[in-house]
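Biologist: Please take a close look at a single part of this chain. Give me the cut-offs as you go.

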Amino acid sequence: MTSSAASRSLQHPLATSVAVDRDTLRIKVEDGREIAVPTRWFDWLARASDTEMGDVRIIGGGEGIW
């Protein structure tokens, strides 16, 4: 089976931006969608200071968040 760049992005789109506040983590992905989830879903974010939340960034070319 072969794959193309288009089919790859449908299976695993990359993050293009990330924003976080006390309540919500928002991630925009390359296909235009925005995913928003409560920060309480992630222990590390629920415990983060405002300074630490301001330092959340995309890593691995869009593969992850740090």
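Modeller: Accessible areas here come from the Shrake-Rupley method with a 1.4 Å probe; for residues, only the protein chains shown count as cover. On that basis the chain exposes about 4900 Å² of accessible surface, and 54% of this belongs to carbon and sulfur atoms. The model is predicted: local features need pLDDT of at least 70, side-chain atom pairs count only at pLDDT 80 or more, and totals for chains, interfaces and linings use all residues. Residues are numbered from 1 along each chain as its sequence is written, and side-chain values use heavy atoms, with hydrogens and water left out.

First, the setting. The chain has three helices and five strands. Both are DSSP runs numbered from the N terminus: helices are H or I with at least four residues, strands are E with at least two. Their order from the N terminus is α-β-β-β-α-α-β-β. Of the 66 residues, 23% count as buried. Buried means under 20% relative accessible area, exposed over 50%, partly exposed in between (1.4 Å probe, protein chains only).

Three strands form an open sheet in the order 1-2-3, with antiparallel pairing. Two strands pair if DSSP finds at least two bridges between them. Strand 1 (15-20) and strand 3 (34-38) are the edges, each pairing on one side only. Neighbouring strands are turned by 15° against each other on average, direction ignored. Axes are lines fitted to C-alpha atoms, for helices over the stretch in contact, and angles run from 0 to 180 degrees between N-to-C directions.

Look at strand 2, residues 24-29. It pairs with strand 1 over five bridges. Thr24 is buried, at 16% relative accessible area. Beyond its neighbours within four places in sequence, Thr24 touches Ala19, Ala36, Val37 and Thr39. Contact means heavy atoms within 4.5 Å.

Arg26 also carries charge pairs. A salt bridge is a side-chain nitrogen of Lys or Arg within 4 Å of a carboxyl oxygen of Asp or Glu. The structure holds five. Arg26 bridges to Asp21, with the closest N and O atoms 3.6 Å apart. Arg26 also bridges to Glu34, at 3.8 Å between the closest N and O atoms. Asp21 is partly exposed at 34%. Arg26 is partly exposed, with 34%. Glu34 is partly exposed at 44%.
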